[in-house]
Amino acid sequence: MISEAVKMIIVQFVIIAMLLVVLIIVIKNLKSYEFERKFADFSLLSDKDLEISFFDRLHLSFWKIVHKLSKILKISKVIEKHSKKYERDITLNNRNIKDSMDYIAIKCLVGIAFSILYLITTFLQFLRFDFMKALVVFIIGYLLPNIVILYRRKKRQDKIEDDLLKAIIIMNNSFKSGRNIMQAIETVKNELDGPIADEFKKISLDISYGLSLDTVFNRFYNRVQVEDAKYIASSLTLLNKTGGNIVKVFSMIEKSFFDKKKLKNELDSLTASSRFVFKMLVAMPLIFVVIINILNNDYFKPLISSAFGGFILVIIISLYILYILVVRKVLKVKM
């Protein structure tokens, strides 16, 4: 006979699986909605096509809730100050996120969703509600979007770093053909796409508002946090204070970036084996833990069934993190 505990676990698993399926369907439909919105301006729509679908309404309702919640959260000066660190993640091509406070609102909604899931699980198991556990679940849900934000930020940063050389080449060619700085920036904005084009749109706006060239590129560096952007900002600051030929300055910047990119590509090919070794050394302890747990389910029980075992588990996790940091430091090669 199947025990009640096993039945509850099966019910929870089914509910979580159903929620995941619904979440995947919603994400897929939201992606299709984004593609439809991008191509809507270039297509002819009939009157029937103008009707809003269920997922469109769901998408619009979600962002309405986000914007309303962000307005409520703006009352707190502490939260508003905390939201400033997400300003660099706001892009001009994202019409939904208009303010850095929207990120805080999304994080709060994810935390609330996790708390509701905890309440459902507690109700199905006929357990007593624990406020501290609910708070911990909310904090986990609140912090979870940071992983997505950091991943998207890193991906965007890498894309900007790769495309910055193209932008400098276009600007340098524009200067050589007799164009001014504003025309060169407009050329980059029109010729390139992706995050670098978005950033040059912001640069163009800053210059149109009357900011100096060095200030504009310093703001650009503060947004993207790419070392090459800092080099451009420093060069333009020096050029603004001492004077000089902007064509020669950008020719030197172009040559420097080209040599650096060439060296980086060579270094990546030479250190590919080292990166593979690092990944294997990090993954091997986890693989051994999974294999041992499959062979003997009770092997690790003492670590979670007593206070002393919990203390040992904390030490093991700390040593594993230290192990990752040491191995990464040893195998890392700086340019």
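**What share of the 335 residues in the chain is buried?**

Buried residues account for 28% of the chain's 335 residues. Keep in mind as you browse that this is a predicted model.

## Overall build

If you like helices, here is a chain to enjoy: its secondary structure comes to 14 helices and 0 strands. Reading from the N terminus, the elements run α-α-α-α-α-α-α-α-α-α-α-α-α-α.

Now for contacts along the chain. Taking those between residues at least 6 apart in sequence, 61% join residues at least 24 apart.

## The surface

The chain has an accessible surface of about 23400 Å², and carbon and sulfur atoms contribute 68% of that area.

On this surface you can find a positive patch made by Lys 64, Lys 68, Lys 71 and Lys 98. Lys 98, one of these four, sits in the loop that links α3 (77-83) with α4 (101-124). Its relative accessible area is 62%, so Lys 98 counts as exposed, the cut-off being over 50%.

## A buried arginine

Next, have a look at Arg 153, which belongs to helix α6 (residues 145-176). Is Arg 153 buried or exposed? Arg 153 is buried, because its relative accessible area is 18% and buried means under 20%.

Which residues does Arg 153 touch, leaving aside those up to four places away in sequence? They are Lys 85, Tyr 86, Arg 88 and Asp 89.

Technical notes:
Residues are numbered from 1 along each chain as its sequence is written. This is a predicted model: local features need pLDDT of at least 70, side-chain atom pairs count only at pLDDT 80 or more; totals for chains, interfaces and linings use all residues. Side-chain values use heavy atoms; hydrogens and water are left out. Patches are made of residues with over 30% relative accessible area and no salt bridge: like charges are joined within 9 Å, nonpolar side chains (Val, Leu, Ile, Met, Phe, Trp, Tyr) within 5 Å. Accessible areas come from the Shrake-Rupley method with a 1.4 Å probe; for residues, only the protein chains shown count as cover. A salt bridge is a side-chain nitrogen of Lys or Arg within 4 Å of a carboxyl oxygen of Asp or Glu. Lys and Arg count as positive and Asp and Glu as negative; His and the chain ends are not counted. The place of a charge is taken as NZ of Lys, CZ of Arg, CG of Asp or CD of Glu. Helices (H or I, at least four residues) and strands (E, at least two) are DSSP runs, numbered from the N terminus. Buried means under 20% relative accessible area, exposed over 50%, partly exposed in between (1.4 Å probe, protein chains only). Contact means heavy atoms within 4.5 Å.
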